[in-house]
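User: Please take a close look at the interface in this model and describe how it is built.

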Number of protein chains: 2
Amino acid sequence: MTAPAINPLDPLPEIDAALRRLTATLGPDFGLPPSLADAVTYALLGPGKRIRPLLAWHACVAAGGEGARSLPSGVAIELVHAFSLVHDDLPALDNDDMRRGRPTLHRHTSEAMAILAGDEMLTLAFRVLLRQAGAAQLSPSLAASLADELARGTLAMIHGQVLDTLGVPDPSAPALEIVRLIHEQKTGALIRAAVRMGAMCSDSVTEDSLTHLTAAAEAMGLAFQIADDLLDVESSAEEVGKATGKDAALGKRTYPGAIGAEACRAEIQRLRAVTAQHLGALGPGAAGLAALSDQLATRTK
Amino acid sequence: MTAPAINPLDPLPEIDAALRRLTATLGPDFGLPPSLADAVTYALLGPGKRIRPLLAWHACVAAGGEGARSLPSGVAIELVHAFSLVHDDLPALDNDDMRRGRPTLHRHTSEAMAILAGDEMLTLAFRVLLRQAGAAQLSPSLAASLADELARGTLAMIHGQVLDTLGVPDPSAPALEIVRLIHEQKTGALIRAAVRMGAMCSDSVTEDSLTHLTAAAEAMGLAFQIADDLLDVESSAEEVGKATGKDAALGKRTYPGAIGAEACRAEIQRLRAVTAQHLGALGPGAAGLAALSDQLATRTK
């Protein structure tokens, strides 16, 4: 008898319900004016893969906890992710009109609203976490640790966007070194935060399991971003729901641009092995996270 | 023998030193790329009155604490205040070229950098507070409470900017009601947070003193904003270092526009009496905060 196949997307209904619960209470619980609540809801509830809340959920399970304990963290990280997309899409930055097959928020509303809604979502991420402490669903000490982890990941993400959009301090460094630094910060840091925050929500997390999960998160985050770069090179806009080939058009540094598509595929395989090794050390509880990380590294859209 | 006159600006050197300590460690401690560290430093260390860190300091003293205990909170609030100015000045919002007698950040650098530096300062505010808990200068529980208070104030400030820039849900409401709501949120909420956070940093704060300080903060915040509106109407640009008469030009709602300059001056006097009454209940420790709030309500530039 073989173990039943694990579907890493199983927690999606609970994650989506938590996001919808938040958007339903933006006015009454958080005081948002209706126009702002609409903008935040549009940005947060658009079609998305909820990768970061899923990572937090499965990391919590991998660390021996109930996945649902990760939901406040998952919602907070998704808010930060959504904020970053809204601001990155602005005309002064990536100037994108479409995102996930829909108009970007500044095209849907206005540039002013997109700036303010992004600021709102970033702040709301911290408020959502810290309110849970007030409601005694998390200890104040855990809430402070989670918020600090979230702030660290968010800062690194912004640093990555600065380097990617406005240039690196030393443009003469090797291309691979530059692109790895940008990816580790722009995408990797929030994936790392998602996994660590999820794990920290488990009462039975240990230093050792957190170390393995952090190393796995760093490897899977880089594999995910390399796979994303490959998709941008090889897919059509119709398939991924946003403009493609755009990285090259913008002169942005990508992994395929630095080392070629073939070497990218080999690097993804190497990173998958690193991920598997660290997750293997955690026992069968990590199977969901392993299945999710495999999907991220091999996705085709 | 009379009591020595209190100069509420006495803590300014310690506040400025704390801000400079932060900007000196943006690279090594927080990982900012040099260009981003320069932008944050420009926005944070420009000529400013440091009103919110001063409020936190004097509120801490009023609640029986050492003023210096408020410094992490004061730095965090100043970061949020500086972030809000940078984003509010953007072309899509107030489109201001000058601030405090210097080019605004997006004129000094670029719009992309101003958006990202604002995001950075907002996130950094939470990280500064929560790191103090890690360094054991604040208990994790206090750090979580302070961060929650900061998030609440920041959300309300953003809501006020949405209402001010993009319109209120019911434009047919009485003008005074609308302008009071906008001021309470856009300016008042962060002043309230500054006072409450400062007080919470005192080990000997009580529920009763926090209630009086909160009520005093709400009154002084509104008086401060009405005085600011009057200044905009009555001063020249040279005196205040930024464009004046601009509120009216932008069709923004102001207190003088709603009730006239004479009634504004009467309302400021009424609010000063409310502030004095609440601070009077706290005893002589509140003298610094009382002197500061008087300066805010009677400033001429």
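Analyst: A salt bridge is counted here where a side-chain nitrogen of Lys or Arg lies within 4 Å of a carboxyl oxygen of Asp or Glu. By that rule, two salt bridges cross the interface of chain B and chain A in this predicted model. In one of them, B:Asp148 pairs with A:Arg127, and the closest N and O atoms are 2.4 Å apart. Polar contacts between chain B and chain A amount to eight residue pairs, both residues being at pLDDT 80 or more.

On the chain B side, at least two residues each come from helix 3 (34-45), helix 5 (71-88), helix 7 (111-134) and helix 8 (140-166). Helix 8 of chain B gives the most to this side, with 15 residues. By residue class, the side of chain B that touches chain A comprises 27 nonpolar, nine polar and seven charged residues.

As to extent, chain B brings 43 residues to the contact and chain A brings 43 residues. About 3600 Å² is buried between chain B and chain A, and carbon and sulfur atoms give 78% of that area.

Chain B is superposed on chain A by a rotation of 180 degrees with 0.0 Å of shift along its axis, at an RMSD of 0.0 Å. The two copies are therefore related as by a two-fold rotation axis. Both copies use the same surface, since 100% of the contact residues of chain B recur in chain A.

Terms used. Residues are numbered from 1 along each chain as its sequence is written. Chains are lettered from A and ligands numbered from 1 in the order in which they are written. This is a predicted model: local features need pLDDT of at least 70, side-chain atom pairs count only at pLDDT 80 or more; totals for chains, interfaces and linings use all residues. Side-chain values use heavy atoms; hydrogens and water are left out. Contact means heavy atoms within 4.5 Å. Buried area is the accessible area (1.4 Å probe) that two parts lose on being put together, summed over both. A polar contact is a pair of N or O atoms within 3.5 Å; within protein, one must be able to donate a hydrogen and the other to accept it, and residues adjacent in sequence count only if both atoms are side-chain atoms. Helices (H or I, at least four residues) and strands (E, at least two) are DSSP runs, numbered from the N terminus. Ala, Val, Leu, Ile, Met, Phe, Trp, Tyr, Cys and Pro count as nonpolar, Asp, Glu, Lys and Arg as charged, and the others, Gly among them, as polar. Copies are superposed by least squares on the C-alpha atoms of residues with pLDDT of at least 70 in both.
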